Amino acid sequence: MKIAILGFGVVGSGVAEVLKTNKSQITKKAGQEIEIKYIMDLRDFAGEPFEHLMTKDFGAIENDPEVEVVVESIGGDTIAYEYTKRALLSGKNVCTPNKALIAKHGAELFSIAKERGVHILFEASVGGGIPLIRPYNDALLTDEVEEVSGILNGTSNYILTQMMNGTSYENALKDAQELGYAEQDPTADVGSFDACRKLAIMLSLAVNKQVNYEEIKTEGIQEINSEDFAFAKALGFTLKQLVNGSIRKNGVEALAAPFLIPLSHPLASVNDVFNGVWVRGKTTGNIMLYGSGAGKLPTASAVVTNIVDIAAANCLPCTWTSDKANILPTSTYAKRKAIRASFENANAISAVKSAIGAETVSLPDYPNTIAWLTPLETEAQTAQTLEVIKRFPGFKSIERVMRVYNAE
Ligand code: HSE
């Protein structure tokens, strides 16, 4: 089976490497040899062993009847969208790790693929190297998903893990970029936009409707500091960038933001570049899928499993419709919050403490600052609580309000 790779960056070159390294295993599973016929990239790669495969002309790929699979590893949702659509329209299967493309144009691309009798597979788009989309999608054939939450951005998780161990945000981000984890513009990682698109994909699969990622509230990790970590620990939590999706009768709840996670929850031990996805099925109960969430070879391996699925004619439908899912307003989501506030002096703190009616924690390094947990309450109720706190004599500032993850 002949394939073409579009975009020879981290993942595209990883696909070539995995095909070479695991050749005999892949040939056995695929039932045939998989050969790269074209590599399309703006660069020339002069002198490289694969130089003879390089092209800048998508038309050559599109019009070559021998090419059965196009690997789209350009990224983004502009050129990648155009070439993916053209590849499908010309009767070629597409395998892609591109979450931006699938989150935005999934429904349309699935319908073109169906009409042309080909597949578009996206195993690597969520959770990097974790075998995730296929088992999740297979499980959906027999169960209803009630919750899908997890750590879905390797870069942010790496940064937060390093920060917890004392590294600065800037140095941790630089390392993540050097290790090939981060997007070209790392704002997508640290701003939770990348994780938000991945959540949209997981929820779209669950509800069989297009979940518009632009309607999902995102909050980034850029502001997180050592004080947040210190108070998280004092309250018995760790701090992670999390996606949190719940499927309700009238729509979906969806958030991509920093959360406090109880140390006893399995997601609390997902560190570094690892991702963990927590799924609750109505009858299946809780499942956690865990593995490398970013990086060249893990991500490329997931793309290669899709190529092999196509070669071995082992594809199950993995799609959703273009109907729009209803995303519920965040003001109605019921969650506990950890509030941290600072005051002018100890007297102000003792007055507020008795009014709060919850246990508070304080740390010697942060004088006149307390943190406490609210009961389970909506965001609208938390906003009211904050207004009350702000009116206390001696109030200085609300330092942080962070949601607490509680698996339902
Ligand atoms: N930048 C992404 C991450 C790559 O860090 O998770 C994998 O999707």
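In which sense do strand β14 and β18 pair, and over how many bridges? Strand β14 (residues 337-343) and β18 are antiparallel partners, with seven bridges between them.

## Basis of the model

This is a predicted model, in which local features need pLDDT of at least 70 and side-chain atom pairs count only at pLDDT 80 or more, while totals for chains, interfaces and linings use all residues. Residues are numbered from 1 along each chain as its sequence is written, and side-chain values use heavy atoms, with hydrogens and water left out.

## Strands around β18

Helices (H or I, at least four residues) and strands (E, at least two) are DSSP runs, numbered from the N terminus. Two strands pair if DSSP finds at least two bridges between them.

Leucine 260 stands opposite valine 404 in β18.

## The six-stranded sheet

Six strands form an open sheet with parallel pairing, in the order β3-β2-β1-β4-β5-β6. Because β3 (54-55) and β6 (120-121) stand at the edges with a single partner strand each, one side of each has no neighbour in the sheet.

Inside this order, strand β1 (residues 2-6) and strand β4 (residues 67-72) run parallel and are joined by five bridges. Alanine 4 has valine 70 in β4 as its bridge partner.

## The β11-β12 hairpin

Strand β11 (residues 274-281) and strand β12 (residues 285-292) run antiparallel, joined by eight bridges. The hairpin between β11 and β12 passes through three residues. Glycine 281 stands opposite glycine 285 in β12.

## The ligand site

The residues around the ligand (a heavy atom within 4 Å) include Lys99, Asn153, Glu183, Asp189 and Lys198. The shell divides into three nonpolar, four polar and five charged residues. Helices α7 (154-164) and α10 (193-207) each supply at least two residues of the shell.

Polar contacts are pairs of N or O atoms within 3.5 Å. An oxygen atom of the ligand lies 2.8 Å from a polar backbone atom of glycine 154, and a polar side-chain atom of threonine 155 is 2.6 Å from an oxygen atom of the ligand. A polar backbone atom of tyrosine 181 is 2.7 Å from a nitrogen atom of the ligand. Of the 260 Å² that the ligand exposes when taken alone, the protein buries 93%; accessible areas come from the Shrake-Rupley method with a 1.4 Å probe.

Methods
Polar contact = N/O pair within 3.5 Å; in protein donor to acceptor, adjacent residues only side chain to side chain. Nonpolar A, V, L, I, M, F, W, Y, C, P; charged D, E, K, R; others polar.
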